[in-house]
Amino acid sequence: MIKKWAWLIGILAMPALSDDGIFDEYRDLMGDDNPAIFVIDEGEALWFEPQGPRSASLEGCDLGLGRGVTAGAYARFPRYFEDTDTVMDIESRLLHCMQQLQGRDRDTLLAKPYSLRGDMGTELEALVTWLAAESEGAVIAPEQVHPAERAMYALGEEVFFYRAGPHDFSCATCHEQSDMRIRLQALPNLTEHQDAAETFGSWPAYRISEGLVRTMGWRLQDCFRQQRWPGLKLGSEVSVALQTYMAVNAAGGVMTAPGLKR
Amino acid sequence: MRLMLRTGVLLAGALTLSSGVVSSERLDTVLERSFVDNGQATVDRLQQDPVQQACHHSRSTPPDAATATSLRQERLDAVIFPADGDFLGDWQRGAEVADNGRGLQSSDDPAQPNGGNCYACHQLAPDEVAYGTLGPSLTGYGARGQSEPMLRYTWTKLWDTHAYNLCSHMPRFGAQGILTEQQLKDIMAFLLDPASPVNQDL
């Protein structure tokens, strides 16, 4: 499957005349043809597959809309869960269910949650991709009812503007202005609704340059790598807070994921 | 690692959905819990210096006039000019530094030289189409000439952009030790040498 798409890298490496124009055209040409469809199927199979010491599937997992309810669940994250008394993103909620329902070991699950270049995808990536597809067309509507959910938004906003590291970069360095680009890559203004909705709604996404589906958790880790910051922990407060900041700014937009990206 | 506690209260934005205030103590604790050392990118990098602190609190716009003036002067006084008085290196090597986006990331080899990554944000040589727009176009920069004030101004911008434009998005390439003195001289030549592609028509 990866080889089949390798030629696209050549096309995308061609110099574009301006911003994302040529890539938007390409995306339109692709229409519904997104290699992520294979990953969606894989994720669905994994959800129903008995695994772990308890040989249980994830069908008993409560993603916020009740046990086993997957349709529309992704679009409501991040959200507060009473059983853990924390605000969780979808990735940390899935890890929680794998431990609780399947009896799997947290450290083993966290050893390699995201693919390295050249890998064929991880279980977490596949599950998140399927769950995002289960919310396709749903309105982005993260919960902001519980005080912990509101506090998470405030924290996310604060972290978004926090400048640090040898290059003085914050999230805002690249993502607080509209219609800017880095090299040829268009940069969304994540402080503004329209860009936040298009961005948040299109992750997870199949990255043509890597031949993989990437999740929002991975995207944030890789942003911080480029910011010259240390490693962001999956499901950490900063990760959940920034996802909350984006999701709330995106609220009212529509889930289009899995997206298709350079 | 415990991050240094900062004084003052950080005011979160006025969005009605937000609960409003995140204390600096809470922010330090959260950062400490959320990040781990990753190769050369260690957790101590999250500790802010006075410039980062001022520009974070004020959301990328300069803080109050008094603070801004004193911080700018501090940065200006700390600029180190070339020891030999020679500002201009080799524009060809400068072109490589401008093109190189690596350096100081957890994924980079610390044994390799850091890049300036100028093209990420600036247009420079007109035949390079893959340039970013976060900063102004510098194509034709050399038309400003090579007078002493021009050399000192350009060097200062590269060394520590906050000396002139507090809270600029641009990294402090000299002050933060991202580029060496020689690399900065080479970038200077890339910008100012009449033979550099930056100063040629297409």
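The entries below follow the order in which I looked things up.

**Entry on the model.** I note at the start that this is a predicted model, and I keep that in mind for each value that I write down.

**Entry on two helices of chain A.** I looked up how helix α4(A), residues 90–102, lies against helix α6(A), residues 123–133, and I found that their axes come within 10 Å and cross at roughly 115 degrees. The crossing of α4(A) and α6(A) is right-handed. Which residues meet there? From α4(A) I listed Ile90(A), Glu91(A) and Leu94(A), and these meet Leu124(A), Leu127(A), Val128(A) and Leu131(A) of α6(A). When I sorted the residues of this contact by class, I had 6 nonpolar residues, 1 charged residue and no polar ones.

**Entry on a sheet in chain A.** Next I turned to an open sheet of 3 strands in chain A, whose order is β6-β5-β8 and whose pairing is mixed. The edge strands are β6(A), residues 212–214, and β8(A), residues 259–261, and each of them pairs on one side only. From one strand to the next, the twist averages 35 degrees. I then followed β5(A), residues 205–207, which pairs with β8(A) in the parallel sense over 3 bridges, and I saw that Tyr206(A) stands opposite Leu260(A) in β8(A). As a reminder to myself, strands of a sheet pair through backbone hydrogen bonds, either parallel or antiparallel.

**Entry on where the chains touch.** How many residues of chain B are in contact with chain A? I noted 46 residues of chain B, in contact with 40 residues of chain A. On the side of chain B that touches chain A, α1(B) (24–34), β3(B) (35–36) and α2(B) (50–57) each supply at least two residues, and α1(B) gives the most, with 5 residues. By class, the residues on that side of chain B divide into 23 nonpolar, 18 polar and 5 charged.

**Entry on backbone exceptions.** Before this search I wrote down the general rule that most residues other than glycine have a negative phi, and that most peptide bonds are trans. The bond that joins Phe77(A) and Pro78(A) is cis, with omega about -15 degrees, and Pro78(A) is found in the loop between α3(A) (36–48) and β1(A) (79–81). The peptide bond from Trp203(A) to Pro204(A) is also cis, and here omega is near 0 degrees. Pro204(A) is found in the loop between α9(A) (193–201) and β5(A).

I then looked up positive phi values, and I found that Asp85(A), which is not a glycine, has a phi of about 55 degrees. Asp85(A) is found in the loop between β1(A) and β2(A) (86–88). Asn117(B), not a glycine either, has a positive phi of about 55 degrees, and Asn117(B) is found in the loop between α4(B) (91–99) and α5(B) (148–159).

Is Asp85(A) buried or exposed? I counted Asp85(A) as exposed because it has 9 C-beta neighbours inside 10 Å, where the cut-off for exposed is 12 or fewer. Asn117(B) is buried, because 22 other C-beta atoms lie within 10 Å and the cut-off for buried is 20 or more.

Note on methods. Residues numbered from 1 in each chain as written. Chains lettered and ligands numbered in written order. Predicted model: local features only at pLDDT ≥ 70, side-chain atom pairs only at ≥ 80, totals over all residues. Axes fitted to C-alpha atoms, helices over the stretch in contact; angles between N-to-C directions. Helix = DSSP H or I, 4+ residues; strand = E, 2+ residues; numbered from the N terminus. Left-handed = near helix turned anticlockwise from the far one by under 90°. Contact = placed C-beta atoms within 7 Å. Nonpolar A, V, L, I, M, F, W, Y, C, P; charged D, E, K, R; others polar. Pairing = 2+ DSSP bridges.
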